[in-house]
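Reader: Could you walk me through this structure, one question at a time?

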Amino acid sequence: MEDNPKKLGIRRITRDFPPAHFLFKVEAFSLLAKTGVEKRLSLYPNGDNKSNGNGFISLYLVIEETENLPLTWEVNVSFRLFVLDQIRDKYLTIEDGDGAVKRFHWMKTEWGFAQLISLDSFNDTCNGYLVGDCCIFGAEVFPLARNCKWECLSMVKQPEDNTIIFKMDHFSKLDRKCYESSVHTIGGSKWKLTVYPRGNVKFKGKALSVFLELVEANKLPPKRKVYAEYKLRVRNQMNDNHMEFSVERWFSATSVNWGYPQFMTLKVLHDPSKGYIVCDSLIVEAEINLVSQVKRFS
């Protein structure tokens, strides 16, 4: 005769084959009724009174040899406990009805069932659980690999060394399509400026094109993005009347750079009275004032 399978959300079924991982035979069960026994399984023959186990056999799975583990250790498992029907050679299988995973850690080293099976059912010789003052319990334990990794997204305001200064000397003699600054690490990400002295695509020959690029954006995890608020600037070397634009942008593996193909017309750029080119040198800057940063924790 089996207990109510719906009691306390516990699932009870019978099966023919034994537990895969652990069997525990108790001889002279009646002599243990006053003391209990603890090994890999912690058995309360008269019930665990502290957990509403009066009138039941209480049985718990215990994790052992944790003394040398770090304080933050934890093990996540799903498990089943068993009682052998020695008459019919079948195993009463007890597990959480919802298949819940249990977390063992330094403050919780045992999990199980305070109401594993009623004492009336256990002691009834017709059920075969206690035969000749002997009984057999068992367990199957299925550890779950802990592959979870934590990530923390934060916004870093005014990160250190947040300005890329790209001085382009001998500007009138530059003949390549575009030029790149050195790579700067700002807010945990790598950045560089890309400048087209004579314009890019449809603005070729008409305007100066300036872009900020997230270096190694192609190495970002899928769907990962980096947010930045920044200013692109061509410095006025005669006064503080700089040409600059503010940008707010999410960078990703499919959007590695962002800027202005028509940053300023070539006519304005090359006008000596404007002060942008002095001694044949142009100074282009990117000032990153806010950037997202992801920290990983295992």
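Reader: Where is Leu220 found?
Author: Happy to start there, with a note that this is a predicted model, in which local features need pLDDT of at least 70, side-chain atom pairs count only at pLDDT 80 or more, and totals for chains, interfaces and linings use all residues. Residues are numbered from 1 along each chain as its sequence is written, and side-chain values use heavy atoms, with hydrogens and water left out. Helices (H or I, at least four residues) and strands (E, at least two) are DSSP runs, numbered from the N terminus. On that basis, Leu220 is found in the loop between E16 and E17.

Reader: Is Leu220 buried or exposed, or in between?
Author: Buried means under 20% relative accessible area, exposed over 50%, and partly exposed in between (1.4 Å probe, protein chains only). Leu220 has a relative accessible area of 21%, so the class is partly exposed.

Reader: Which residues does Leu220 contact, leaving aside neighbours within four places in sequence?
Author: Contact means heavy atoms within 4.5 Å. Ala253 is 33 residues from Leu220 in sequence, yet their C-alpha atoms are 6.4 Å apart. Leaving aside neighbours within four places, the contacts of Leu220 are Leu214, Val226, Phe251, Ser252 and Ala253.

Reader: Which residues have the most contacts inside the largest nonpolar core?
Author: A nonpolar core is a set of buried Ala, Val, Leu, Ile, Met, Phe, Trp, Tyr and Cys residues joined through side-chain atoms within 4.5 Å. The largest has 33 residues, and those with the most contacts inside it are Met168, Trp191, Leu208, Leu212, Leu269 and Leu282.

Reader: Which helix gives two or more residues to this core?
Author: Elements that give two or more residues include strand E12 (163-168), strand E15 (189-196), strand E16 (207-214) and strand E21 (281-297). Strands E17 (226-234), E18 (243-251) and E19 (257-265) are also on that list. The helix on the list is H3 (266-269).

Reader: How many residues are in the second, separate core?
Author: Phe29, Phe79, Phe104 and Leu130 are included in that second core. Its residue count is 28.

Reader: What are the domains, and what distance separates their centres?
Author: Domain bounds come from an automatic or database domain assignment. That assignment gives domain 1 (10-147) and domain 2 (151-297). Taken over C-alpha atoms, their centres are separated by 65 Å.

Reader: Why is the pair of Tyr196 and Phe211 edge-to-face?
Author: Rings of Phe, Tyr and Trp (its six-membered ring) pair if their centres lie within 6.5 Å; planes under 30 degrees apart count as stacked, over 60 as edge-to-face and the rest as tilted. A search of the whole structure finds twelve such aromatic pairs. The centres of Tyr196 and Phe211 are 5.9 Å apart and the planes are at 85°, so this pair is edge-to-face.

Reader: Which strands hold Tyr196 and Phe211, and are these residues buried or exposed?
Author: Tyr196 and Phe211 are both buried. They are 15 residues apart and link distant parts of the chain, with Tyr196 in strand E15 and Phe211 in strand E16.

Reader: What is the angle between the planes of Phe245 and Phe263?
Author: Phe245 in strand E18 and Phe263 in strand E19 are 18 residues apart. Phe245 is partly exposed at 27% relative accessibility, whereas Phe263 is buried at 3%. Their rings are 5.0 Å centre to centre, in an edge-to-face pair with an angle of 80°.

Reader: How far from the ring centre of Trp258 is Arg249?
Author: A charge sits over a ring if NZ of Lys or CZ of Arg is within 6 Å of the ring centre and within 35 degrees of the ring normal. Lys108 lies over the face of Trp111, at 4.5 Å from the ring centre. Arg249 lies over the face of Trp258, and its distance from the ring centre is 3.7 Å.

Reader: Which backbone nitrogen does the side chain of Ser181 reach?
Author: Ser181 is found in the loop between strand E13 (179-180) and strand E14 (184-186), and is buried with a relative accessible area of 7%. A polar contact is a pair of N or O atoms within 3.5 Å; within protein, one must be able to donate a hydrogen and the other to accept it, and residues adjacent in sequence count only if both atoms are side-chain atoms. At 2.9 Å, the side chain of Ser181 reaches the backbone nitrogen of Leu193.
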